[in-house]
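Dear colleague,

Please find below the structure that I am handing over to you. A short account of the findings comes after it.

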Amino acid sequence: MSGRIFEQRTTREGWGRGLVDLGQKHDDVVVLVSDNTTSTQVHFFEEIFPDRFFQMGISEQNMAGVAAGLSRFGKVPFYVTYSAFGVGRALDQLRVTIGYTPCNVKVGGGHSGISVGPDGATHQMLEDIAIVRAIPNFTVLVPADFDQTRKAVVAAYSIDGPVYIRFGRENVPCVTGPNDPFEVGKAQMMADGNDCTCIAMGQMVSEALLAHDALAEEGIRLRVLNMHTVKPLDEEAIHKAARETGAIVTAEEHQLYGGLGSAVAQVVAANYPVPMDYVAIQDHFGASGQPDELLDAFGLRAVDIVMKVKSTLERKA
Amino acid sequence: MMMNGFPRGHCMSVHERWVAGRLRWSADALEQVARDVRCDILTLLANAGSGHTGGSLSGTDYLTAILFHEAAIDPGQPNWADRDFWHVSNAHVSPLIYSVMAERGYFPLRDLLGFRSFEGHLQGHPSAHDTIGLEVSAGSLGQGLSVAIGVALAAKMDGHPRRCYLCMGDGEQQEGSVWEAAMSAAHYKLDNLLAIIDVNRMQIDGPTDKILNIEPLADKYQAFGWHVINIDGHDMNTILAAFEEARSVKGKPTVILAQTIMGKGWSAIEDDYTWHGRPPTKEEADEALLGLDANYGGWWARLEANGMMP
Ligand SMILES: Cc1ncc(C[n+]2csc(CCOP(=O)(O)OP(=O)(O)O)c2C)c(N)n1
Ligand SMILES: [Mg+2]
């Protein structure tokens with residue numbers, strides 16, 4: 001499904017540039033990495049601020065704990081690695097030391113989602129949002145593109161407490177502009193419509209926009225919300241979507257259970273139940289393959305959103 | 001009176017009979033296989049266009065020796081109940097794992113062409129779910145040694161002579177979980193466990209001593225209660241001798257520190273950490289294969305000769 005032409009850039013570069021933006025303004029920003037400096041794009045920061053950059057080696061648990069310690073005496077640590085390991089291996093530290101205290105630690109979850117591609121299932125983190133969202137005190141950000149990731153990094157600094165920022169490896173469509181406002185906890189309306197709402201996160205926002213265009217040709221007006229903040233969730237935007245459009249389809253590059261879809265469904269069910277459906281990984285592990293091939297195979301495309309919107313509309317009263 | 005190395009009257013288990021009668025490859029023959037494995041690695045990486053070259057080439061010699069010479073395994077029945085356990089925890093060296101497995105007969109050589117593809121059964125990091133012959137899925141560093149300990153404990157419980165072979169990277173030693181495992185292997189006196197560490201002194205971001213120093217590794221394992229054997233990890237005779245020595249050690253686990261060279265066998269990239277996770281192009285592979293007395297086309301000819309063209 002095509003039509004709109006988007007510029008393509010990586011969200012991980014947005015992460016790397018955002019850290020430099022912060023470093024230039026704030027002396028207390030420090031960066032920690034575990035043996036993947038270039039692939040997490042923190043070489044930008046390392047080059048300019050070598051004294052505030054810590055290479056921790058392959059030791060995610062240690063890195064998370066050290067970040068917590070740094071935060072106790074005025075530093076604002078950003079630690080980063082692939083989310084599979086930064087969330088997976090260091091979960092206990094995230095929960096007890098960083099989450100429960102809470103500590104002012106920012107966590108970068110790189111190489112997230114199935115679009116990591118040929119590295120295969122072990123490296124395709126599809127459970128990070130479910131995990132981090134469940135830990136009290138965490139703010140969870142899933143910016144949609146390069147510019148938004150850069151802004152999310154800057155915004156994370158101003159939040160007093162733990163923040164998780166998810167981003168990916170591959171080029172993704174730029175759906176926002178450098179001057180668009182970014183407000184934590186406020187869903188961004190990308191397209192208006194009254195027949196159904198697609199609430200999407202990450203690169204699925206661009207697929208939702210393509211779905212919007214395709215459905216428009218059939219006279220179906222799809223509202224598209226970019227839910228870049230998965231926690232705290234913009235409940236007001238969700239209520240409005242339920243009331244005004246009467247049907248909701250969520251879209252995420254994440255497992256079906258515990259992610260954006262689950263989060264939205266909780267809000268909808270408790271307040272104003274409407275028919276819903278979920279575009280997500282259907283409770284299985286990923287696979288090796290090219291990123292595009294995998295997005296097709298695992299049903300994370302505009303066409304999948306279109307199909308689910310139509311079947312959801314059939315259930316609308 | 002000894003028969004096949006066992007005292008007369010001793011009732012040999014299937015496992016022991018296998019060990020007694022197993023193929024004992026000569027060092028020369030193993031070197032030939034290792035050369036073929038290196039050709040496979042370079043070819044499948046060039047074909048896939050992504051994957052880990054450096055560590056695959058540094059670990060080739062000892063993994064070949066484990067699967068062809070040392071371990072009691074039967075690729076025809078990968079789940080044979082009496083098998084030895086082998087596992088590679090630094091699992092990003094999947095090109096190596098799959099190439100040795102293919103050469104050993106777990107699956108056809110041709111399948112190596114499906115490496116990292118959606119159609120193939122050989123994921124970028126090993127999936128026990130997809131690939132027959134793997135014990136557990138892997139790709140997250142620092143998990144394998146614990147699994148090997150579990151297997152070794154089960155063997156002790158059952159009075160089974162199973163041996164456990166576990167490979168790790170040197171950068172992988174930076175994971176704390178490795179040392180939790182190291183402590184418990186010695187605590188449980190697991191002399192049926194042999195760990196082999198690929199000491200190629202390199203990892204993704206640079207030399208291990210610059211990233212996070214792991215040395216003195218021998219002293220660390222010794223202090224943790226292990227028997228330590230330090231060897232040239234590219235010398236087949238030395239590798240085989242170390243395996244024999246490990247078999248004779250009682251009451252403690254053994255670790256072999258295999259001093260290796262990242263990218264070994266392709267002189268242009270040897271000791272260069274930037275090749276940790278980079279594949280050769282087809283042209284580069286051709287060049288590398290020349291150094292091994294082979295060429296890219298030759299690999300395909302070998303498939304053809306075996307009636308295995310895709
Ligand atoms: C828990 C975990 N953290 C990080 C990684 C990413 N990673 C894959 S390989 C690697 C470097 C490993 O170094 P080493 O063990 O020396 O292997 P070599 O580079 O020599 O092949 C890293 C950091 C991972 N796979 N698992
Ligand atoms: Mg190494």
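The following paragraphs describe chain B as a whole and then turn to a metal site.

Please note that this is a predicted model. Chain B is built from 12 helices and 7 strands. Its C-alpha atoms occupy a box of roughly 55 × 45 × 35 Å along the principal axes. The radius of gyration of chain B is 19 Å; a compact globule of 310 residues would have a value near 19 Å, so the two agree.

As to the interior, 58% of the 310 residues in chain B count as buried. If one takes the contacts in chain B between residues at least 6 apart in sequence, 76% of them join residues at least 24 apart.

With regard to charge, chain B carries 39 negative and 24 positive side chains. The centres of these two sets are 7 Å apart.

The metal site concerns the magnesium ion (ligand 2). Its protein donors are Asp170(B), through OD, Asn200(B), through OD1, and Met202(B), through O. These donors lie 2.0 to 2.1 Å from the magnesium ion. Along the sequence, the donor residues follow the spacing D-x29-N-x1-M. Are Asn200(B) and Met202(B) buried or exposed? Both Asn200(B) and Met202(B) are buried, each having under 20% relative accessible area.

Yours sincerely

Definitions and conventions
Residues are numbered from 1 along each chain as its sequence is written. Chains are lettered from A and ligands numbered from 1 in the order in which they are written. This is a predicted model: local features need pLDDT of at least 70, side-chain atom pairs count only at pLDDT 80 or more; totals for chains, interfaces and linings use all residues. Side-chain values use heavy atoms; hydrogens and water are left out. Helices (H or I, at least four residues) and strands (E, at least two) are DSSP runs, numbered from the N terminus. The radius of gyration is taken over C-alpha atoms; the globule rule is 2.2 Å times the number of residues to the power 0.38. Buried means under 20% relative accessible area, exposed over 50%, partly exposed in between (1.4 Å probe, protein chains only). Contact means heavy atoms within 4.5 Å. Lys and Arg count as positive and Asp and Glu as negative; His and the chain ends are not counted. The place of a charge is taken as NZ of Lys, CZ of Arg, CG of Asp or CD of Glu. Donors are N, O and S atoms within 2.8 Å of the metal (3.2 Å for Na, K and Ca); water is not among the atoms, so sites may look incomplete.
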